[in-house]
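Subject: Structure handover

Hello,

Here is the structure for your set. Please load it before reading on.

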Amino acid sequence: MDLTLVTKPGPKGEVIDTSGLVAKHLDKKLRKMERRLGGKALVVRAVLEQLSVGYRATVTIMGRNEVVARSKGHELLQTVDSAMDKLSRQVEARQDKQSG
């Protein structure tokens, strides 16, 4: 898996620390999704942005058919989870559509 994690500074110039828990959390979720897709290597870009109130997460699976999920929330991990849930549902829907 190739994960690119991008952070955008907040309105006051503060930067999100993604070195620890957030990066590990994303990696864990994406590896699980990778296994569900039959071990196919994923190329993923995650953009995390701090807003004046809360956070925004955009997670994109790059490839021939890009899949994009966006989420906003007050807690960073909750926002990342929400985006990953949306991404998972989209991937499952595409698999169901292709198989059936």
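Below are the notes on the fold, the strands and a few residues.

**Ground rules**

This is a predicted model: local features need pLDDT of at least 70, side-chain atom pairs count only at pLDDT 80 or more, and totals for chains, interfaces and linings use all residues. Residues are numbered from 1 along each chain as its sequence is written, and side-chain values use heavy atoms, with hydrogens and water left out.

**Overall**

The protein has two helices and four strands. Both kinds of element are DSSP runs, numbered from the N terminus: helices are H or I with at least four residues, strands are E with at least two. The order along the sequence is β-α-β-β-β-α.

The C-alpha trace spans about 50 × 20 × 20 Å along its principal axes.

Of the 100 residues, 35% count as buried. Buried means under 20% relative accessible area, exposed over 50%, and partly exposed in between (1.4 Å probe, protein chains only). The accessible surface comes to about 6400 Å², and 47% of that belongs to carbon and sulfur atoms. Areas come from the Shrake-Rupley method with a 1.4 Å probe; for residues, only the protein chains shown count as cover.

Contact means heavy atoms within 4.5 Å. Among contacts with a separation of 6 or more, 49% are between residues 24 or more positions apart.

On charge, there are 19 positive and 12 negative, and their mean positions are 4 Å apart. Lys and Arg count as positive, Asp and Glu as negative; His and the chain ends are not counted. Each charge is placed at NZ of Lys, CZ of Arg, CG of Asp or CD of Glu.

**Strands**

Two strands pair if DSSP finds at least two bridges between them. Strand β1 (residues 2-8) runs parallel to β2, with seven bridges joining them. In that pairing, Thr4 stands opposite Arg45. Strand β2 (residues 43-50) is mostly covered, with six of its eight residues buried.

β3 and β4 are antiparallel, again over seven bridges. Thr60 stands opposite Val68 in β4. Four residues lie between the strands of this hairpin, where Gly63 takes a positive phi near 150°.

**Residues to look at**

Contact lists here leave out residues up to four places away in sequence.

- Ile61 lies in strand β3 (residues 55-62). It counts as buried because its relative accessibility is 9%. Its contacts are Met33, Leu42, Val43, Val44, Glu66, Val67, Leu87 and Val91. Ile61 and Leu30 are 31 residues apart in sequence, and their C-alpha atoms are 9.8 Å apart.
- Thr58 is also in strand β3. It is buried, at 16% relative accessibility. Thr58 touches Arg45, Ala46, Val47, Val68, Ala69 and Arg70.
- Ser88 sits in helix α2 (residues 76-99). Its relative accessible area is 12%, so Ser88 is buried. Met33 and Arg36 are its contacts.

Best regards
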